[in-house]
Structure formats: C-alpha cells, structure tokens
Amino acid sequence: MFYTNWLNPHLHTWVEQLRAGDPRALARAISTVEDRSSGCSDLLKTLFPYTGKARIIGLTGAPGAGKSTLVDQLARFYRKENRTVGIIAVDPSSPYTGGAILGDRIRMQEHFSDPGIYIRSMATRGSLGGLARTTADVTALLDASGRDVVLIETVGVGQDEVDIVRLADITIVILVPGMGDDVQSIKAGIMEIADIFVINKSDHEGAERVEREIKTLQSLAVRSDSWTPPVVKTVASEGKGIGELAGAIRQFEDYLKKENLALKRSVHNWQERLLEMLRDNMLEKVKAHIGDGLLSQYAEEVAEHKRDPYTLVEEIVGKLSKE
Ligand SMILES: Nc1nc2c(ncn2[C@@H]2O[C@H](COP(=O)(O)OP(=O)(O)OP(=O)(O)O)[C@@H](O)[C@H]2O)c(=O)[nH]1
Ligand SMILES: [Mg+2]
C-alpha cells in the first residue's frame with residue numbers, strides 16, 4: 001500500500017534525498033507542506049512509514065522566558081552526544097516576534113556550519129491547514145529525514161500551542177521567577193501538559209518561590225499516570241542546568257518505556273489528530289460542494305429569515321453523504 005507513489009520517479013528521488021538528510025530536499029519539502037502545494041499529500045503519504053523514530057520534545061513558555069536560548073543549549077548538548085537535531089521555532093503573533101526571530105537568526109548562524117542541526121522558523125499563524133497541523137507535518141518531515149531529536153519551541157498561551165505540544169513525546173513547560181500571578185493564569189491550559197518544569201532565569205530572585213508554587217499546583221492537579229513532573233532550575237544564557245534537564249528528559253523517556261506508555265500516548269494523540277484531519281477534510285469537501293457563491297446566498301436567506309440554518313445544514317450534509 002505504501003509503495004504506490006514509487007511509481008512517480010521524481011517523488012522517489014526527492015524522498016531518497018530527504019531521507020539521506022539532504023537539507024535542500026528537506027527545505028523544499030517543508031515549503032510544500034507549509035504552502036499545501038500540490039504533491040504535499042503524496043509526499044506525506046510516502047514518508048509516513050519512515051516517521052516515528054525521532055524523539056519529539058516540545059518546549060513552551062511565556063514570551064521571553066528563554067525558550068530559544070534553552071533550545072539552543074539543548075541542541076548543543078545533543079550534538080555533543082552525536083545526535084542530530086531538528087528545531088522548529090513556532091513564532092508568537094505577539095509584538096515579541098520581530099525580536100525573537102532576529103535573536104533566533106543570530107543564534108542560527110552559529111549553527112550554520114553544523115549540518116547536524118536544522119532550524120526552521122515558522123511565522124505562519126493562520127497558515128493554510130492551521131498552525132498545529134503544519135507543525136505536525138513539518139515535524140514528520142524532520143523525523144523522516146533522520147533527525148534523532150526534534151525540538152519544537154512555542155509560546156504557551158492558547159489552544160494552538162496546546163495542540164502543538166500535544167504532538168510531542170515530551171513536553172517541557174518553562175517558567176521564570178517574578179511571574180507573580182502568571183503561574184496561576186497559565187495553569188489552566190499548560191500546567192496539565194507539563195512532563196517536566198523548567199525554571200529558567202534562576203539567576204534572578206524568586207526561583208524558589210516559583211518552585212513552591214509549582215509544587216502546590218501539582219498537588220492539586222491530577223495526572224492520569226504516576227509521573228510527577230520534576231522541576232529543573234536553569235540559567236540558559238550561561239548553559240547552567242542543561243545537563244540536569246537532559247537527565248530529566250532521559251528519566252521521563254525511561255519511565256515511558258518501563259510503563260509501556262509511549263504507544264498509549266501516541267494512540268491518544270492520534271485519536272485527536274485523526275479527528276482534526278477528518279474535520280478539515282470534510283469541511284473542504286463541503287466548501288468545494290457549495291462554493292462561495294452559494295454560501296453567501298444561503299447566508300442572505302438565513303439572515304432574511306427565509307430559511308432556517310438548522311434544516312439547511314442538515315440538507316447540505318445529507319446531500320453530501322449520499323454522493
Ligand atoms: N538572566 C537570564 N537571561 C536569560 C536566561 N535565558 C535567556 N535569557 C535572556 O532572555 C532573553 C530572551 O531569551 P529568548 O531565548 O529569546 O526567549 P524566548 O522565550 O525564546 O522568547 P520569545 O521567542 O520571544 O518568546 C534573551 O535576552 C536571553 O539572553 C537566563 O537564564 N537568565
Ligand atoms: Mg524564542
């Protein structure tokens with residue numbers, strides 16, 4: 001079933017180059033996925049059997065928490081272990097973006113000479129297919145290209161980010177001292193998904209207080225497994241605590257393996273992602289079916305109370321399912 005696309009020799013060459021880690025083939029694949037250009041779905045279908053090997057680590061936290069600095073340090077750490085790294089920086093829509101991208105670029109240049117690190121910045125909020133889906137697909141490309149570790153940086157504020165980190169094997173939530181009520185305010189979405197907490201900028205005053213707050217919140221939150229997320233203090237700008245963080249990551253990996261949880265988490269994630277993919281696909285079908293013209297005509301009729309929207313939706317869906 002997986003081999004139907006090998007009939008296309010061009011796709012075959014492209015996939016072979018990508019799997020060999022060729023950065024140009026990878027860059028082209030990423031653009032194809034980001035733009036949802038033709039060939040995107042064939043490419044993803046062909047590559048899927050080669051995915052599932054990379055360790056995917058999501059890092060999330062408030063703007064300026066030091067995520068990029070930490071990602072950079074982790075990447076260096078893994079390179080010393082001879083593991084290849086892919087980095088996806090999903091940029092915030094906040095005003096911080098400009099500075100962050102610039103900062104990332106400067107750091108990126110240091111790595112340019114190292115083909116073992118591939119960095120992609122995605123400032124494509126509202127991109128075709130949605131940010132979470134695009135990130136998932138780009139992650140799959142890096143995975144298929146043989147990267148041992150994929151680090152995804154995202155600003156932890158909304159549902160988009162929660163969706164993004166859900167595709168990670170390991171989710172790291174980064175907090176900083178002096179956040180005050182912020183720990184409270186982000187707990188709703190982000191606290192539950194943390195496998196590891198990092199208190200970065202531990203050179204600033206108040207790291208212990210943040211640690212106490214996390215511990216308090218942890219005692220209230222219920223996890224479905226028996227893992228208690230460790231709290232690691234780092235000073236990313238000085239490279240302090242990176243070994244400890246890598247150690248915590250390894251411990252969590254061991255825990256997943258020991259409890260046989262990796263597959264269970266993956267099944268859970270795919271359940272959500274499949275639903276999303278189905279929803280997107282169905283919606284595309286409906287849109288293609290009724291077209292923009294008919295949609296605005298329906299909208300007018302409903303607005304003028306000539307039609308009720310409930311029957312209308314049932315009729316459209318009914319007609320589609322008969323086709
Ligand atoms: N004092 C101190 N500064 C740090 C530390 N880690 C990072 N910084 C600095 O904090 C600033 C923001 O760091 P980034 O790594 O760009 O933070 P970020 O979370 O990626 O920021 P956004 O992508 O804009 O959300 C930079 O000036 C870093 O040098 C740390 O541990 N201590
Ligand atoms: Mg950043």
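## Exercise 1: The largest pocket

Task: find out which helix gives the most to the lining of the largest pocket.

Solution. Keep in mind that this is a predicted model.
- Start with the answer: helix H11 leads the lining of the largest pocket, giving 12 residues.
- Next, place the elements that each supply at least two lining residues: H3 (40-47), S1 (55-61), H6 (131-144), H10 (242-258) and H11 (261-303).
- Then sort the lining by class, which gives 16 nonpolar, 8 polar and 14 charged residues.
- Among the 38 lining residues, Phe48, Asp137, Ala140, Trp270 and Arg273 are the closest to the pocket's centre.

## Exercise 2: Gly178

Task: decide whether Gly178 is buried or exposed.

Solution. 
- Locate Gly178 in the loop that runs between strand S5 (170-175) and helix H8 (182-190).
- Compare its relative accessibility with the cut-off: exposed means over 50%, and Gly178 has 74%, so Gly178 counts as exposed.
- Look for contacts beyond four places in sequence: Gly178 touches Glu205 and Val210.

## Exercise 3: Ligand 1

Task: work out which residues are the closest to ligand 1.

Solution. 
- Of the 20 residues surrounding ligand 1, the closest are Gly66, Lys67, Ser68, Thr69 and Asp203.
- Turn to Asp203, which has a polar side-chain atom 2.8 Å from a nitrogen atom of the ligand.
- Ser237 also places a polar side-chain atom 3.3 Å from a ligand nitrogen.
- At Lys201, a polar backbone atom is 3.2 Å from an oxygen atom of ligand 1.

Conventions. Residues numbered from 1 in each chain as written. Chains lettered and ligands numbered in written order. Predicted model: local features only at pLDDT ≥ 70, side-chain atom pairs only at ≥ 80, totals over all residues. Heavy atoms only, no water. 1 Å grid on protein atoms, 1.4 Å probe; cavity = no way out; pocket = protein on both sides within 12 Å on 5 of 7 lines; lining within 4 Å. Helix = DSSP H or I, 4+ residues; strand = E, 2+ residues; numbered from the N terminus. Nonpolar A, V, L, I, M, F, W, Y, C, P; charged D, E, K, R; others polar. Buried < 20%, exposed > 50% of the residue type's maximum accessible area, 1.4 Å probe, protein only. Contact = heavy atoms within 4.5 Å. Near = heavy atom within 4 Å. Polar contact = N/O pair within 3.5 Å; in protein donor to acceptor, adjacent residues only side chain to side chain.
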